[in-house]
Amino acid sequence: MPSYEELSELLDPVTTVLLTVECQQGVVGPDSALPELAEEARASGALAQVARLVAGAHESGVQVIHAIAERRPDGRGANHNARLFRAAERLPVRQLTGTAAVRVAPPIEVADEDLVVRRLHGLSPLAGTDVDALLRNLGCRTLIVTGVSANVAVPNAVFDAVNRGYTVVVPRDAIAGVPSDYTPAMIRNTLALVATVTTTDEVLACLKRPRRIT
């Protein structure tokens, strides 16, 4: 765990962006295509912590990007080269463009200044999407990664961000995966090797800290 001073240095609001990963109604909402994951995201408190981080980012002037996974009704352009993609095609709830399933899920509030990036393919919120270009145009140096799932999309986002030169911060209580004991193991044995692991409270404390005038 980083010290308060170390984390505060990383989380300069001017160069920090908060990324929410697949926090959409069809994934973490009451009518999720993945009810076990949705239940874990809510029962663990991860979704509520993401909402707190988004609200804190809005208050402190930190840019928020919401990464949404969706598909066209005809499936054009979507991947079919893994079991996960083929299984998604058979789910009763599909993440179809323009439907409620691909709206950001409550209690997360989307502000006018937030950016919403939608992808039709792949596993990563960064690779092959607009997210990397947006981060560079925003002057981002530190990316806070939150959301679901700790099994696939979250580690993809962390690795891709690190490979592109960003410093990544992961609030461990603001991500979720299944089963419930998988997330802490993955954080401890994988994400902690490449990202700064912390908590929602510590991130919010740093964002609220008055900045020194030099």
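The legends below describe close-up views of a predicted model.

**View 1. The largest nonpolar core of the predicted model.**
This core contains 31 residues. L11, L18, V28, I108, V148 and V203 have the most contacts inside it. Helix α4 supplies the largest share, seven residues. In soluble globular proteins, nonpolar side chains tend to be buried together.

**View 2. The surroundings of V28.**
V28 is one of the residues with the most contacts inside the largest nonpolar core. Neighbours within four places in sequence are left aside here. The remaining residues in contact with V28 are E22, C23, A38, A41, R42, L47, A105 and V148. Of these, A38 and A41 are buried residues of α3, and V148 is itself among the residues with the most contacts in the core.

Another core lies apart from the largest one and has 27 residues. Its members include L126, V131, A153 and I187. A153 is also one of the buried residues of α7.

L37, A38, E40 and A41 are buried in α3. These residues lie on the same side of the helix because they cover an arc of only 165° around its axis. P35, E36, E39 and A43 are exposed on the other side. An α-helix has 3.6 residues a turn, so residues three or four places apart point the same way. The cover over the buried residues of α3 includes α2, α4, β4 and β6. Just after the helix, G45 has a positive phi of about 90°.

**View 3. Helix α7 and its cover.**
Helix α7 spans residues 153-163. Its buried residues are A153, V154, P155, A157, V158, D160 and A161. Among the elements that cover them are β1 (16-21), β4, β5 (167-171) and β6 (175-176).

**View 4. A nonpolar patch on the surface.**
F159, L193 and V194 form this patch. Together the three residues have about 280 Å² of accessible area. F159 belongs to helix α7. Is F159 buried, partly exposed or exposed? F159 counts as partly exposed because its relative accessible area is 35%, which falls between the cut-offs of 20% for buried and 50% for exposed.

Conventions. Residues numbered from 1 in each chain as written. Predicted model: local features only at pLDDT ≥ 70, side-chain atom pairs only at ≥ 80, totals over all residues. Heavy atoms only, no water. Patch = residues over 30% accessible without salt bridge, like charges linked within 9 Å, V, L, I, M, F, W, Y side chains within 5 Å. Areas by Shrake-Rupley, 256 points an atom, 1.4 Å probe, with all protein chains shown as cover. Salt bridge = Lys/Arg side-chain N within 4 Å of Asp/Glu carboxyl O. Helix = DSSP H or I, 4+ residues; strand = E, 2+ residues; numbered from the N terminus. Buried < 20%, exposed > 50% of the residue type's maximum accessible area, 1.4 Å probe, protein only. Core = buried A, V, L, I, M, F, W, Y, C linked by side-chain atoms within 4.5 Å. Contact = heavy atoms within 4.5 Å. Arc of directions from axis to C-beta.
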